[in-house]
Amino acid sequence: MAQYPIVRLKADGFGPLEFVDIRLSPTLNIITGGNATGKSQLLKLLYASTRTLNDTTAFTKSGLAPSIADALTGVFRPDQLGRLARRVQGRARASVEVKYQGIGEALRFNFASNARSEVQIDSIPKVALTDTPVFFPSRELLSLYPGLVSLFESREVEFDETWRDTASLLGRTALRGPRGLAANELLGPILQEIEGTVIEENGRFYVRLANGSAGTGKIEAHLISEGFRKLAMIIRLVSNGVLLEGGYLFWDEPEANLNPSVQRAVARVILALARSGTQVFVATHSVFMLRELQMLVEGQPEGGKVEPNYIGLFREQQPDANVFSSGVRAESVTDPADLTSIAALEAESSQSLRYLEL
């Protein structure tokens, strides 16, 4: 697994999150909630914190403060840093604590709602992180890869930095030797899903089909389905070692724009990565994806089981009123049936009842 997995997140006043205290699994974490409850914000907060501890060269409180500020600004792209604090009347502060297993103190920082780029660091871990964090947006990046990194370096663009970061990681070359063999072993079941391998030539990605002829065996990435392109991103990052027996994967809506059969393949890949040692964080509001992951987890063999956490984000309903609080709360459970509210599940159940009544 990741050498120093994330085991706890506490956030108060960050975006919509209010008094959030979440225990995390070192293997698989599945985040659910209705629209505007902060699923993507939570993923990006964990990613920005982890990226800072992975790539910083100044590992002190004073050195990390500007690095955290730059990461939050680049990943969330607010007009100024204080805009990431929860919106209330008057001034407020956002505080965050991210605890990594095995390296002492948590990363704790805070900033004011009127801050432009100032972050106060309260504590830091003893050492930097060795595993690489990866953020997958809801859209695949293989078809956008050509020129994307150079565009970030030469132009002011509206893409957040997760796109640039992931494109840079996709550009790493494949492993050779013993680690290359280990990557091929892990990729065996995944390669069966798209029946081919992923190659990069002259800044463009292709999928080479296992049984294709010279003329048909290599297909441009943007000409295959989006679901296969998402799986191909995983294949690339395993083959070049980024997600081989470690690392952190933050995947926002892996089910986006995919039909149920491809969602099932994606769910199998997610579980395979978690079992191989990557700490996986998935944000979804798809009941199909949630149930598919649950069934896969429950059907695991006894050895090397993935033990997921299900994290529900919700707004509390006020007593005796059809009004919900503005701040988002969170709960962390090991059984999705224990979640207080799964908005998509309730909506799907309601639709099923209406359909049966026709």
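Two rings of Phe, Tyr or Trp (for Trp, the six-membered ring) count as a pair if their centres lie within 6.5 Å; the pair is stacked when the planes are under 30 degrees apart, edge-to-face when they are over 60, and tilted for the rest. In this structure, ring pairs tie Tyr-47, Phe-135, Phe-250 and Phe-281 together into a cluster. The model is a predicted one, so local features need a pLDDT of at least 70 and side-chain atom pairs count only at pLDDT 80 or more, while totals for chains, interfaces and linings use all residues. Residues are numbered from 1 along each chain as its sequence is written, and side-chain values use heavy atoms, with hydrogens and water left out.

First, the overall picture. The protein chain has nine helices and 14 strands; these are DSSP runs numbered from the N terminus, with helices being H or I over at least four residues and strands being E over at least two. Of its 358 residues, 52% are buried, where buried means under 20% relative accessible area, exposed means over 50%, and partly exposed is in between (1.4 Å probe, protein chains only). A contact here means heavy atoms within 4.5 Å. Among contacts between residues at least 6 apart in sequence, 69% join residues at least 24 apart.

Back to the rings. A pair of aromatic rings is described by the distance of the centres and the angle of the planes. The whole structure holds nine aromatic pairs. One of them joins Phe-152 and Phe-159, with 6.5 Å from centre to centre and 45 degrees between the planes, which is tilted. Phe-152 counts as buried at 15% relative accessibility, whereas Phe-159 is partly exposed at 32%. Phe-250 and Phe-281 make a stacked pair, because their ring centres are 4.8 Å apart and their planes sit at 15 degrees. This pair bridges distant parts of the chain, with Phe-250 in strand β11 (residues 248-252) and Phe-281 in strand β12 (residues 279-283), 31 residues apart. Phe-250 is buried, at a relative accessible area of 0%, and Phe-281 is buried with a value of 0%. Elsewhere, the charged end of Lys-218 sits over the ring of Tyr-206, 4.6 Å from the ring centre; that label needs NZ of Lys or CZ of Arg within 6 Å of the ring centre and within 35 degrees of the ring normal.

Next come the helices. Two packed helices are described by the angle between their axes and the distance between the axes. The axes are lines fitted to C-alpha atoms, for helices over the stretch in contact, and the angles run from 0 to 180 degrees between N-to-C directions. Helix α5 (residues 177-194) packs with helix α6 (residues 226-239) at about 170 degrees, with the axes 10 Å apart. That makes α5 roughly antiparallel to α6; the label is for angles over 145 degrees, while under 35 is roughly parallel, 65 to 115 roughly perpendicular and the rest oblique. On the α5 side the contact includes Leu-186, Leu-187 and Ile-190, and on the α6 side it includes Phe-228, Leu-231 and Ile-235. Sorted by class, the contact of α5 with α6 has 12 nonpolar residues, one polar and one charged. For these classes, Ala, Val, Leu, Ile, Met, Phe, Trp, Tyr, Cys and Pro are nonpolar, Asp, Glu, Lys and Arg are charged, and the others, Gly among them, are polar.

Helix α5 also packs with helix α7 (residues 260-276), at about 175 degrees and with the axes 10 Å apart. So α5 is roughly antiparallel to α7. Leu-186, Ile-190 and Glu-193 of α5 meet Ala-265, Arg-268, Val-269, Ala-272 and Ser-276 of α7. That contact divides into five nonpolar, one polar and two charged residues.

Most residues other than glycine have a negative phi. Arg-77, which is not a glycine, has a positive phi of about 55 degrees. It lies in the loop between α2 (61-76) and β4 (93-100) and is partly exposed at 30%. Asn-202 has a positive phi near 55 degrees, and this residue is in the loop between β8 (196-201) and β9 (204-209). Asn-202 counts as exposed, at 80% relative accessibility.

Finally, Pro-5 is in the segment before β1 (6-12) and counts as buried at 0%. Leaving out residues up to four places away in sequence, Pro-5 touches Pro-26, Lys-99, Tyr-100, Gln-101, Tyr-248 and Gln-279.
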